[in-house]
Amino acid sequence: HRFDEVGVFHGGPWEDPSRLLPRLVAVGLKGEGVYPIIEALSELRMIAIADGREEHDSLDADEATEFLADVCVLNMDLMFLEPTEEVRLRPRPFQRAERLFRAIRNHISMEGFGHSLVEEIRLICAQRPIVTRRVRKLLDLAAQLPTETVDDWVRERVEYYLRATHAVTETAAQAGDPESYLDLLQTLEEDQLLKEAKAFADSLHQTGLSSPMHTSLLAAIRARMPEHLPAALGLDDVGRASFFHATDFVLELLDAAVAPGMPNVVQGLARMLNRGLLLQPDLRKSLNRLLNVPILPEVEARVMSTITGEGLTIRRVLLAGTINVLGSPLGIGQGNNPTCQAARGLSLWSQHAPGLLLRMVATAVRNGHMKLDFEGHELVSSEPIDKETGNVVDTNLDPVSVILVPHLDKLYAQLLALAAGRKDDPHSWINPAMYGRWVSKGFAGAFNPVTGAVVNHKDFVRRFYASHHPHYNGGLDMIYPNPVGIIITDVHAKMLGYHAVSLHRVDRVPSGEWRAYFYNPNNEGRQRWGQGIAPTVSGHGEQPGESSLPVEEFVSRLYAFHYDPDETIEPSAVEDEIVENVTTLARESWGREKSWTDLDMSNPIFAGIAPAPTTPTT
């Protein structure tokens, strides 16, 4: 309020606090120059008015409090930062905003947050992330909601999710903690124990959240009647077949990996068994190797520095983290790190080459390096890897990512250096080399490698439809994820930067709409990209961890993809109207930052011209 008294707001748009709009606060906080500072001071002035430390002619304390509550509800993404591309590219204003919202929350009540919090929690859980710290943080906030300020529905939903992370049943609540619950379970009759098992299994699969109490339940059933572990994990037919095919090994994994300090492994173990991975002898051998592989001290220090659970060993953390990645390939996230290439690689290998992924983990923890051959060059990732952070800015990652991402990131950088200076986008060679035989050799890019201009965009669009859209490619579905490059835009459709995602499928929903389903490694599939384009994570046939968009909207943000030339139908079959719609969306968003041309660089006249540096996918 002292800034107000000396005239900081005088003559500007913030002068009269009664005319300010909560929905515009984020615009100010994300602005350039002095604007974020003035915006932050404006909210601090509102706090002073709400607290009664300043009186203002145009609004009173209650109105100021209501304004701040609306600001929080409309900007929960700033209250609880998710590692989106915009946050990663411009961290300072977002970190400043998060501190500001922390101050606001300390000065106003939680009234009005209920429905927004519950919806946020639901949508995060729908994505089944491996790292669940954010949703648990939101649940802690939800638990503080005053009872008299929320309706019955909100209160019931909050309690439902809180039970999933704590005491699912009355018996567990009566025990109070995992150790006491384990003791209490020893006294139950078999039918009572099975009733507990069903309740915990249902909660696990309905919410994607697990409780430390669930690990105690598994320990009790493992000791008394291990044949009922499939019920306690909620396994489907494939999962039950996996369990009974490799019961002794599952019990060994259970003893080595499951503990109250890492309850998420319960979800990972159930999903891994449901995938049928343990029906494969080579996968069992590869997982068994991790039970005994030597682990370098520096690897142990780096991994354990990211773990908050008590009583955990590096071996248990390594096994639990690996099981989680194998169980939830689309739950892997990059955090606030420029490592989307590595994250989507881990996801792809977990889905289609789990044995290769397990070999990578064993190599990295034992040898401290990884190797990759590229056109006669042997690339090595070992030096330098920072002992504390592993060259990773944000360590809010799963253990496998903490181990492998620094190595993969260094290998990617070496690949980029070797492939630079060629006439086409270097990712044409990098992606197959890095990810393996699952990537098609055909490559289409929207940019001219010499000038950086958009070239032949309509042909680019037609080729995508002809190679990926079942209506135009003869009804062919995708087999493997396609590592594609997209351009991220903000809510005003302004270009933010380049991003690596994996396209999984193009499918038709019951309404008749064709949608593109993709894996976004930043684990936040609900960003608003302007022009009304907003990916969804549920409600349109998405699998847990997928995002989706109508195909035209997705292609409007696409700038590179791979395709199989032998399976591509004639692109000219794609209707002009579709191509025009996609190109218009592109031109009027990120295309405003680019020059557009129909120059054909395949013309022999351009032979020998060195390409300009290509901005890497980030």
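The model is a predicted one. Arg96 is found in helix α7, which covers residues 91–105. Beyond its neighbours within four places in sequence, Arg96 is in contact with Pro36 and Ile37. Pro36 is 60 residues away from Arg96 along the chain, yet their C-alpha atoms are separated by 9.0 Å.

Next come the salt bridges. The count comes to 13. Side chains of opposite charge can pair when their charged atoms come close. An α-helix has 3.6 residues a turn, so residues three or four places apart point the same way. Asp202 has 32% relative accessibility and therefore counts as partly exposed. Lys198 reaches 53%, over the 50% limit, so Lys198 counts as exposed.

A second salt bridge brings together the side chains of Asp576 and Arg462, at 2.6 Å from N to O. This pair links distant parts of the chain, with Asp576 in helix α28 (residues 576–587) and Arg462 in helix α26, 114 residues apart. Asp576 counts as exposed because its relative accessibility is 52%. Arg462, at 16%, is under the 20% limit and so counts as buried.

Helix α26, residues 457–468, lies across β3, β5, β6 (495–508) and β9, running at about 40° to β9. Helix α25 (residues 427–435) lies across β3, β5 (482–489) and β9 (558–563), and runs at about 55° to β9.

The strands under discussion belong to an open sheet of six, in the order β3-β9-β5-β6-β7-β8, with antiparallel pairing. At the edges are β3 (442–445) and β8 (546–550), each of which pairs on one side only. On average, and with direction ignored, neighbouring strands of this sheet are turned by 30° against each other. Strands of a sheet pair through backbone hydrogen bonds, either parallel or antiparallel. Strand β7 (residues 514–519) runs antiparallel to β8, and five bridges join the two. Phe518 has Ser547 in β8 as its bridge partner.

The side chains of Arg505 and Glu546 meet at 2.8 Å, N to O. Arg505 is in strand β6 and Glu546 in strand β8, so this pair links distant parts of the chain, 41 residues apart. With a relative accessibility of 4%, Glu546 counts as buried, since the limit is 20%. Asp507 joins Arg505 and Glu546 in a network of salt bridges.

Methods: Residues numbered from 1 in each chain as written. Predicted model: local features only at pLDDT ≥ 70, side-chain atom pairs only at ≥ 80, totals over all residues. Heavy atoms only, no water. Helix = DSSP H or I, 4+ residues; strand = E, 2+ residues; numbered from the N terminus. Contact = heavy atoms within 4.5 Å. Pairing = 2+ DSSP bridges. Axes fitted to C-alpha atoms, helices over the stretch in contact; angles between N-to-C directions. Salt bridge = Lys/Arg side-chain N within 4 Å of Asp/Glu carboxyl O. Buried < 20%, exposed > 50% of the residue type's maximum accessible area, 1.4 Å probe, protein only.
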